[in-house]
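Let us take a walk through a protein model together, one stop at a time. Keep the picture open beside you as you read.

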Amino acid sequence: MMEPAIYCEQVSKRYSNHYAINELTLSLPQGGVVGVLGPNGAGKSTFFRLLTGLTKPDSGKLTVLGKTPGWKVNQDIAYLPDRARWYPEHTVSQAFKWAERLLPGFHLEEAEKMAEFMKLAPTMRASGMSRGQEARLMLILCMARDVPLTILDEPFSGIDAVSREQIVASLIDHLSESNRTVLISTHEVYEAESLFDRVVMMQDGQVVLTGEADALRQQYGSINSIQRNIYR
């Protein structure tokens, strides 16, 4: 039997007197796009940091791709943190060349194709980009990697609604040919929900609802409406 992409058993992470993750139990199979949803403070970013080994759990069992999180597993993970920034002196072309040398599984031609679609010229310098343009660059650097697990924390932050729809359409096309597991946290559920094969809804560091997206839609309606009802 194939190992789950993510396995959590009674995982907790505490900061001072606050539990960011509170006895979280969750198993996610390999493959497909998982929407990790919830309000600010639900524990989504801490969950992602635990998966990448940037934060250690205080208790519980956690495995990623069948292994304990850490630097060895991170070679198989493309991680985009919330509000990530790029080196300001780099152009788009220089960023891609740097990534080709240093990031496992990075495909230069795929990155250049996505940049053309997202209207990022090779000579554009990060220091002169808008927040939305830089967000596109960071997204490309993750999505152009052929790795088993991709984690995107608010990848559409700062990107206008029209561009979000275009990017989602591009991602659907890109991911349809991929066997990777993708975790996406976003507040832009209306535009992004067409990406989701599975949904995990979090609140107060715990899972409050999870399941296959199509089954949840048949039972409750759109993912966006489910979220509004849970978090109202």
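Where is the place of Thr52? Thr52 is in the loop between helix H1 (44-51) and strand S4 (59-64). Before we look around there, please keep in mind that this is a predicted model.

Thr52 has a relative accessibility of 3%. Buried means under 20% relative accessible area, so Thr52 counts as buried. What does Thr52 touch, not counting residues up to four places away in sequence? Its partners are Pro69, Asn74, Ile77, Tyr79 and Ile151.

Our next stop is Thr150, whose place is in strand S6, residues 149-153. Is Thr150 buried or exposed? With a relative accessible area of 0%, Thr150 is buried. Leaving aside residues up to four places away in sequence, Thr150 touches Ala78, Met143, Arg180, Thr181, Val182 and Leu183.

Met143 belongs to H5 and takes part in the contact of H5 with H6. The axes of H5 and helix H6 (residues 161-175) come within 13 Å and cross at roughly 5 degrees. Angles under 35 degrees count as roughly parallel, and H5 and H6 are therefore roughly parallel to each other. On the H5 side the contact is made by Arg136, Leu139 and Met143, while H6 brings Ser163, Ile167, Leu171, His174 and Leu175. Sorted by class, the residues of this contact divide into 5 nonpolar, 2 polar and 1 charged.

H5 also packs with another helix. Helix H3 (residues 92-102) and helix H5 (residues 131-143) have their axes 11 Å apart, at an angle of about 25 degrees. That angle makes H3 roughly parallel to H5. The crossing of H3 and H5 is right-handed. Which residues make the contact? From H3 come Val92, Ala95, Phe96 and Ala99, and from H5 come Leu137, Ile140 and Leu141. The contact of H3 with H5 has 7 nonpolar, no polar and no charged residues, whereas the contact of H5 with H6 has 5 nonpolar, 2 polar and 1 charged.

Now let us turn to the cysteines. How many disulfides does a search of the whole structure find? The search finds 0 disulfides. Cys8 is in no disulfide, and the nearest cysteine sulfur, that of Cys142, is 20 Å away. Seen from the other end, Cys142 is in no disulfide either, with the sulfur of Cys8 as the nearest cysteine sulfur, 20 Å away. Cys8 counts as buried at 2% relative accessibility, and Cys142 counts as buried at 7%.

Most residues other than glycine have a negative phi. Phi of Gln10, however, is near 55 degrees, a positive value in a residue other than glycine. Glu154 also has a positive phi, of about 55 degrees, although it is not a glycine. Where do we find these two? Gln10 is in strand S1, residues 6-15, while Glu154 is in the loop between S6 and H6. Gln10 is partly exposed, with a relative accessible area of 39%, whereas Glu154 counts as buried at 13% relative accessibility.

Our last stop is helix H9, residues 223-231, where Asn224 is found. At 15% relative accessibility, Asn224 counts as buried. Which residues does Asn224 touch, not counting residues up to four places away in sequence? They are Val189, Tyr190 and Glu193. For a sense of distance, find Phe117 too: Asn224 and Phe117 are 107 residues apart in sequence and 27 Å apart in space, C-alpha to C-alpha.

The buried residues of H9 are Ile223, Asn224, Ser225, Ile226, Gln227 and Tyr231. What covers them? The cover includes strand S3 (32-37), helix H7 (189-192), strand S8 (198-203), strand S9 (206-212) and helix H8 (213-220). As you turn the model, see if you can pick out each of these elements around the buried residues of H9.

How values were computed. Residues numbered from 1 in each chain as written. Predicted model: local features only at pLDDT ≥ 70, side-chain atom pairs only at ≥ 80, totals over all residues. Heavy atoms only, no water. Disulfide = S-S within 2.5 Å. Buried < 20%, exposed > 50% of the residue type's maximum accessible area, 1.4 Å probe, protein only. Axes fitted to C-alpha atoms, helices over the stretch in contact; angles between N-to-C directions. Helix = DSSP H or I, 4+ residues; strand = E, 2+ residues; numbered from the N terminus. Parallel < 35°, antiparallel > 145°, perpendicular 65-115°, else oblique. Left-handed = near helix turned anticlockwise from the far one by under 90°. Contact = heavy atoms within 4.5 Å. Nonpolar A, V, L, I, M, F, W, Y, C, P; charged D, E, K, R; others polar.
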